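Let's take a friendly tour of how side chains meet up in a protein. Have a look at the picture first, then read on.

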Amino acid sequence: VQLQASGGGLVQPGEPLRLSCEASGSIVSINGMGWYRQAPGKQREMVAHISNGGSTNYADSMKGRFTISRDNAKNTVYLQMNSLKPEDTAVYYCYALIKNSYYTSYNDYWGQGTLVTVSS
């Protein structure tokens, strides 16, 4: 199983950006999916989570600006980020709880990270 994140880049403050993360490989079922981020010199923090039923959770600092969604047919999770601030600069990592066999439980898989830089 692999998670491929994309969509990072350099944007100016106030601009939007959309991240995508596609899971591929031997997948029976995907439970929760989401995003974490890690800014330079800081610990990794949760950004947003979405259940397989579509319920969402956000870190307080992202509420109202970020929207997480998923396309189950494409095994893909998205993160729409609006009104970006310099403090949103970080490497964003996607994750997914994936069952890759009918005989195993869900395991967490992580993408490689995509860099988002917010700067004027």
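What follows is a quick briefing on charged pairs, aromatic rings and a surface patch.

Keep in mind that this is a predicted model. It holds four salt bridges, and three aromatic pairs turn up as well.

**Salt bridges**

- Here's the general idea: side chains of opposite charge can pair when their charged atoms come close.
- Buried or exposed: what are Arg 37 and Asp 88? Both are buried.
- Put together, Arg 37, Glu 45, Arg 65 and Asp 88 are linked in a network of salt bridges.
- Asp 60 has a salt bridge with Lys 63, where the closest N and O atoms are 3.2 Å apart. Asp 60 counts as exposed because its relative accessibility is 64%, and the cut-off is over 50%.

**Aromatic rings**

- A pair of aromatic rings is described by the distance of the centres and the angle of the planes.
- Tyr 36 and Tyr 95 make an edge-to-face pair, 5.6 Å centre to centre with 65° between the planes. Tyr 36 sits in strand β4 and Tyr 95 in strand β9, 59 residues apart, and their pair links distant parts of the chain.
- Tyr 95 is buried at 8% relative accessible area, while Tyr 36 is partly exposed at 26%.
- The rings of Tyr 95 and Trp 110 have centres 5.3 Å apart and planes at 40°, so this pair is tilted. Trp 110 belongs to strand β10, 15 residues away from Tyr 95.
- Tyr 36, Tyr 95 and Trp 110 form one aromatic cluster.

**Charges over rings**

- The charged end of Arg 18 sits over the ring of Tyr 78, 4.1 Å from its centre.
- Lys 99 lies over the face of Tyr 106, at 5.8 Å from the ring centre.

**A nonpolar patch**

- Val 28, Tyr 102 and Tyr 103 form a nonpolar patch on the surface, with about 440 Å² of accessible area together.
- Tyr 103 lies in the loop between β9 and β10, and counts as exposed at 79% relative accessibility.

How values were computed: Residues numbered from 1 in each chain as written. Predicted model: local features only at pLDDT ≥ 70, side-chain atom pairs only at ≥ 80, totals over all residues. Heavy atoms only, no water. Salt bridge = Lys/Arg side-chain N within 4 Å of Asp/Glu carboxyl O. Buried < 20%, exposed > 50% of the residue type's maximum accessible area, 1.4 Å probe, protein only. Patch = residues over 30% accessible without salt bridge, like charges linked within 9 Å, V, L, I, M, F, W, Y side chains within 5 Å. Areas by Shrake-Rupley, 256 points an atom, 1.4 Å probe, with all protein chains shown as cover. Helix = DSSP H or I, 4+ residues; strand = E, 2+ residues; numbered from the N terminus. Phe/Tyr/Trp six-rings, centres within 6.5 Å; stacked < 30°, edge-to-face > 60°. Lys NZ or Arg CZ within 6 Å of the ring centre and 35° of its normal.
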